[in-house]
Amino acid sequence: MADPRAEQTFQKSIHTQSSNGAAFRVETDSLGSKRIPADAYWGINVSRALDNFAISGRPISVYPDFLFGYACVKQAAARANAEIGALDETRAGLIDRACEEIKGGRLHAQFIVDVMQGGAGTSTNMNFNEVIANRGLELAGHSKGSYEHLDPNDHVNRSQSTNDTYPTALKVGLMLSLERLLTELQHLERAFHDKGREFAGIVKIGRTQMQDAVPMTLQQEFEGFAVTLAEDHASLEGVIRRLAEVNLGATAIGTGIAAAPGFAEAARKHLAAITGHPIFTAPNLIEATTDVGVFMEVSSTLKRSAMKLSKICNDLRLLGSGPQAGLNEINLPPRQAGSSIMPGKVNPVIPEVVNEVAFMVAGGDVALTMAAEAGQLQLNAFGPVMAHVLFENLKLMTAAMETLRSNCVTGITANKERLANQVGSFVGVITALIPHIGYAPATRLAREALATNANISDLVVASGLLTREQVSALLTAEQLTRGQALEQGDEEGPH
């Protein structure tokens, strides 16, 4: 029996054929009727969105983690509605089966609305409602568009609104994307640790403000890269935990209007079981429906990681600069010819592309911040641009970390001879002698060494301040870099 409420928005599809032989069905909403391709799982709402939002040319299906998250939300809602008696088991089961197929990668080509869209994500929500309904109808042996049997609004969207399903789906999808990013981040961190161990005992000159400072080891430098990445790992794990707070059951503005009694808790419970995350309902659903603070936190934490990664890439490019007129302390693996005119030139293309990703992440964070500020009263309507920024930046960063590790870090080698020559003639080693000869004498001898290009050890011995044996004992690699090395047991870094 047809649901009378569904008749107000949708009419039973009329299947017909155009003059060129293409089959279509007719669907009707409050604005009128439209012809829909007969084999399409989407319906009139998606058709109108295609007319209105030809913006980026990129459908929401470019972000499969978002599709997975939305399917989880719709599946949890169907199970919750069945549990509390708001939806019959047959319809709930059809919705559940369709959602499971979407989670498994099926029907993704049917999610065609543009990632950039007005309406706070309503077009995305309806894309899911229509695809799920039509797939459910197909599973039940009905033709697509026979909404009297399974309706996108009255059944698939029962007890829900775009304003609670969209942000909840976004959070679930972001958890998945962040987990993938963290896996690559951990691999990259390990690559820097491994490279540091490979460079153990190789002394070099540390620099501050691009000027010579004091000796250190190449291991210490690469361990520093690993440790800073480990800090980002911990920060991003914390963000995942905060994404677990959802407003599912809030419906339009947080009052829960049109949701069946008990839906919010039942949906939370089922979503937690489906995703494996400790999902919990926000304590104030009105606040949670308008607040997008956690999306700003994801973006800003990702930007922090991007900037730190970009700084590491800047260092790698500097350390590998040359090979004749630069620092040339390390060799970055050659990946491709670097010039169309200069023979033999090889550029640091992998660190450069990671720099470019970092610039994109920073720009996306600005866009998301503006979108967050633009919310008005009981809703922020700019969830779609936030979703676009976050999923795009996570995708870029994950790929950047993988290519930096596999195409650069693992193949870096040290120019040991050049480093040894630099350390041997380095005036700055006198810093290690200050506790034994005093700051003023050390300054005088350093100036003399720079002016005359004399060996600093010879000058110290000639001054009578220390014997040759004392100088040699104080200027070993161990003495020059002591107190700066990580303990062997600390190589994993904080997680």
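What follows is a chat about ring pairs, charges over rings and nonpolar cores.

Mentor: Keep in mind that this is a predicted model.
Trainee: Okay. How many aromatic pairs are there?
Mentor: The count comes to eleven aromatic pairs.
Trainee: Take Phe66 and Tyr70. Is that pair stacked, tilted or edge-to-face?
Mentor: Tilted, because the ring planes of Phe66 and Tyr70 are at 55°, and edge-to-face would need over 60. The two ring centres are 5.8 Å apart.
Trainee: Where do Phe66 and Tyr70 sit along the helix?
Mentor: Both are in helix H3, residues 64-83. Phe66 and Tyr70 are four residues apart, so about one helical turn separates them.
Trainee: And are they buried or exposed?
Mentor: Phe66 has 2% relative accessibility, so it counts as buried. Tyr70 is buried too, at 0%.
Trainee: What about Phe192 and Phe225, how are those rings arranged?
Mentor: That pair is edge-to-face, because the planes are at 70°. The centres of the Phe192 and Phe225 rings lie 5.4 Å apart.
Trainee: Which helices does the pair link?
Mentor: Phe192 belongs to helix H7 (residues 162-198) and Phe225 to helix H8 (residues 218-242).
Trainee: Switching topic: which charged ends sit over rings?
Mentor: Here are two. Arg35 has its charged end over the Phe24 ring, 4.1 Å from the centre. The charged end of Lys144 is over the ring of Tyr41, 4.5 Å from its centre.
Trainee: Now the core. Which residues have the most contacts inside the largest nonpolar core?
Mentor: Phe192, Leu316 and Leu404 do, in a core of 110 residues. H7 gives the most to this core, with 13 residues.
Trainee: What is Leu316 in contact with, leaving aside its neighbours within four places in sequence?
Mentor: Its contacts include Phe192, Phe222 and Phe225. Ile330, Leu332, Leu404, Cys408 and Ile412 are in contact with Leu316 too.
Trainee: How many residues are in the other core that lies apart from this one?
Mentor: That core has 21 residues, among them Val429, Leu466, Val471 and Leu480.

Methods:
Residues numbered from 1 in each chain as written. Predicted model: local features only at pLDDT ≥ 70, side-chain atom pairs only at ≥ 80, totals over all residues. Heavy atoms only, no water. Phe/Tyr/Trp six-rings, centres within 6.5 Å; stacked < 30°, edge-to-face > 60°. Helix = DSSP H or I, 4+ residues; strand = E, 2+ residues; numbered from the N terminus. Buried < 20%, exposed > 50% of the residue type's maximum accessible area, 1.4 Å probe, protein only. Lys NZ or Arg CZ within 6 Å of the ring centre and 35° of its normal. Core = buried A, V, L, I, M, F, W, Y, C linked by side-chain atoms within 4.5 Å. Contact = heavy atoms within 4.5 Å.
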